[in-house]
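Please read the following report alongside the sequence and the model.

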Amino acid sequence: MQLTNRSKVVSNKVQSGMESMYLPAILKGMMITASHIFKRRPTIRYPEQTRKLSAVYRGLHVLKRDEKGAERCTACGLCALACPAEAITMENAERQKGEESLYREEKYAKVYEINMLRCIFCGLCEEACPKEAIFLTDRIVDTEYEREDFIYGKDKLVEKIDKRIDVSKRQTLEVAEFKKIPGIKHNAVWEGNRIDRKIN
Amino acid sequence: MKVTIDGIEIDVPKGTTILQAARMIGPEVAPPAMCYYTKLKTSGGYCRTCIVKVTAGSTANPTPMPKPVASCRTEVMDGMVVQNFTSPEIIEARKGVVEFLLINHPLDCPVCDQAGECKLQDLGFENGSSKTRYEFKRREYEMIDIGDKIKLHMTRCILCYRCVKTAEQITDGRVHGVMHRGDASEISTYIEKIVDNDFSGNVIDVCPVGALTDKTFRFKQRVWFTKPVDAHRNCEKCCGKTRVWLKGEEVVRVTARKDQWDEVEEFICNTCRYDHKKKSDWVIEGPSPIHRSSVISQNHYQHLNELKTRVLKEQKALGFIPFDKRP
């Protein structure tokens, strides 16, 4: 019974004179190899060379600080709620007197962890954030030997005061304008009516 | 008495208010209410979110009422015709009411512990505009400490008077009221008198916003990361029937049970609320019914169980025999 048309009939045909010389076949193969010398090299020699990434590339997260250097995150939990992979966990704490320069609002994230093995880099956390605190950057998550090392805490996620991470590409005017378009579902403006009710 | 609300007719006893009649029909016609509370006498009439249009006063006198009326304070008449969600005027007027309620609200939901179970959030989402037109500085207050159990955030208050009525009617000897008038009104405990009555904690549950929150739960968890279960214990002061909010094995908060109108079923005492924060203190009955549109039911997949029960019920009604039960 023939299932597909791809089956080949095997025969014990004797090689012809030309074929038994092998030389034309070898030359043909060498020609193909040699032609590649003149082609553009597709290899990127990472890490000396890096691939050019799109402006909206979604890589390793950053927890931003504000202009004064205080952490923007207030641990509202919307990123963790939006996360489809359930990669984000956090613990809240109340800001004490004298910590105003460290944390922007009266509540802050004492522990903030992202499991980079769970994360699918969809960017929903960034979209959910009401405080412009979390952003995905064009950095890449490092390789590690242990699974535990992929759980990134605040030490790795919060940007250093002297080494700010530029996310201006993700905060462009176009993005801001885009967020205002009511036609797009996640930007939807509920103008005076309930979602499930038709009003005449 | 026959009353028609949004085209649905219902028979109600004399003395029923429009809001109660609408609630009898169901949530599809019931107007939202921020200040009215079934279990508190003389509540209602402050917030104006429950306004409805009365297109016919009664069978005897079918003239429409000239202005929108507060449904929580208006009793039904025989043959009354009421429009709520079917009236564009009411939708527009309610939007204005919401805008007024939000004028001085700080919108600090990311910090507020009430976020996720806040009626003002729901109201704003369903009836409000996504933008504010208010350009001035919002009203601010000096933080008042009203004890180690209850946290008062006066900036978030919408002056619904529910807590005042609770203090008046549930607890004996009121040490809590509203001072000053109009824009300057503020909830106070009469010069820092600590609310130390056994039932004072109920003001947390009746508060529709985050103005009165549980200090023992302050910044512990966001509500949608906790799991509510109905539980009870033997309590000599109150019914002992509560809702216990779990995070893992830890009891993070104890509240009273609430019905579908977000009203407390039975008031609970402070001992149950604050002093029993161990899972072993409680007999757990099962997961609390949380509406699937609520953020609290997110990632809990409880609605799948509900769906399963419903499908099985419908299958049974149709006479469908499950595959494993077939001969």
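Which residues of helix α4 (residues 162–169) of chain B are buried?

## Helix α4 and its cover

The buried residues of α4(B) are Arg162(B), Cys163(B), Lys165(B), Thr166(B) and Ala167(B), where buried requires 20 or more other C-beta atoms within 10 Å of the residue's own, with C-beta atoms placed from the backbone. Helices (H or I, at least four residues) and strands (E, at least two) are DSSP runs, numbered from the N terminus.

## Basis of the model

This is a predicted model, in which local features need pLDDT of at least 70 and side-chain atom pairs count only at pLDDT 80 or more, while totals for chains, interfaces and linings use all residues. Residues are numbered from 1 along each chain as its sequence is written, and chains are lettered from A and ligands numbered from 1 in the order in which they are written.

## The open sheet

In chain B, five strands form an open sheet of mixed pairing in the order β2-β1-β5-β3-β4, two strands being paired if DSSP finds at least two bridges between them. Because β2 (8–11) and β4 (69–70) of chain B stand at the edges with a single partner strand each, one side of each lacks a neighbour in the sheet. Strand β1 (residues 2–5) of chain B pairs with β2(B) in the antiparallel sense over four bridges, and Lys2(B) has Asp11(B) of β2(B) as its bridge partner.

## Two domains

An automatic or database domain assignment divides chain B into domain 1 (2–100) and domain 2 (103–219).

Conventions: Buried ≥ 20, exposed ≤ 12 C-beta atoms within 10 Å, placed from the backbone.
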